[in-house]
Amino acid sequence: MPSIFENILEVEKLLDTIFDLETGEVDEEKEQELLRLKNQLISSGLEKLCNLRAEKKAFIKAMKEEEDRISAKRKQEEKKLENLDDYILLIHSRSGQKKSVAGTWTISTRQSTQVIITDPNFADKRFFRTETVEKLDKEALKKVLATGEIVQGAALQTNINLQVK
């Protein structure tokens with residue numbers, strides 16, 4: 001089945017054939033009919049494509065909502081796992097042993113040290129480091145290029161952006 005674009009090209013080819021090469025005359029009735037057909041193909045084709053686009057957007061939105069639902073469910077399960085780990089630790093600690101064997105499972109603990117900041121205004125400069133991040137200022141570069149100045153390795157590009165409402 002030909003695409004919308006192929007159908008339009010076919011009508012444009014037919015439009016090229018309505019000129020009588022010997023007389024140079026144009027069959028205006030046939031020309032008007034073919035132009036109407038071309039406009040109809042374009043209009044119906046664009047409508048189909050916009051409908052398809054709307055369906056794709058709705059599908060993507062539904063997928064995003066499903067991702068959010070699954071993410072929330074995963075977070076609930078992670079919280080349950082955290083609570084289960086705390087409960088296992090509580091039960092294991094009641095054994096008084098460093099290692100507990102429960103069937104095919106071995107439960108043990110190890111000690112670690114973590115820094116906790118108790119003051120939200122903690123500002124002791126001895127414990128801060130400065131990181132420098134370079135970032136390209138595209139807006140400034142765009143302004144310079146727009147004035148006509150040539151900047152090696154950069155150029156302005158004009159884009160045609162689709163807008164469907």
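Which side chain makes a polar contact with the side chain of Ser-100?

1. **Polar contact of Ser-100.** The partner is His-92: the two side chains form a polar contact at 2.7 Å. The structure is a predicted model, and this distance is computed from its coordinates.

2. **Burial.** Ser-100 has a relative accessible area of 16%. Ser-100 is classed as buried because this value falls under the 20% cut-off.

3. **Surroundings of Ser-100.** Leaving aside residues up to four places away in sequence, Ser-100 touches His-92, Ser-95, Trp-105, Thr-106 and Ile-107.

4. **Strand pairing.** Ser-100 lies in strand β1, residues 99–102. This strand runs antiparallel to β2, residues 105–108, and four bridges join the two.

5. **Hairpin turn.** Two residues separate β1 from β2 in a hairpin. In the turn, Gly-103 adopts a positive phi of about 65°.

6. **Aromatic features.** One aromatic pair is found when the whole structure is searched. As a separate feature, Lys-125 lies over the face of Phe-128, at 5.8 Å from the ring centre.

7. **Confidence.** The chain has a mean pLDDT of 91, with 99% of its residues reaching 70 or more.

How values were computed
Residues numbered from 1 in each chain as written. Predicted model: local features only at pLDDT ≥ 70, side-chain atom pairs only at ≥ 80, totals over all residues. Heavy atoms only, no water. Buried < 20%, exposed > 50% of the residue type's maximum accessible area, 1.4 Å probe, protein only. Polar contact = N/O pair within 3.5 Å; in protein donor to acceptor, adjacent residues only side chain to side chain. Contact = heavy atoms within 4.5 Å. Pairing = 2+ DSSP bridges. Phe/Tyr/Trp six-rings, centres within 6.5 Å; stacked < 30°, edge-to-face > 60°. Lys NZ or Arg CZ within 6 Å of the ring centre and 35° of its normal. pLDDT = per-residue confidence, 0-100.
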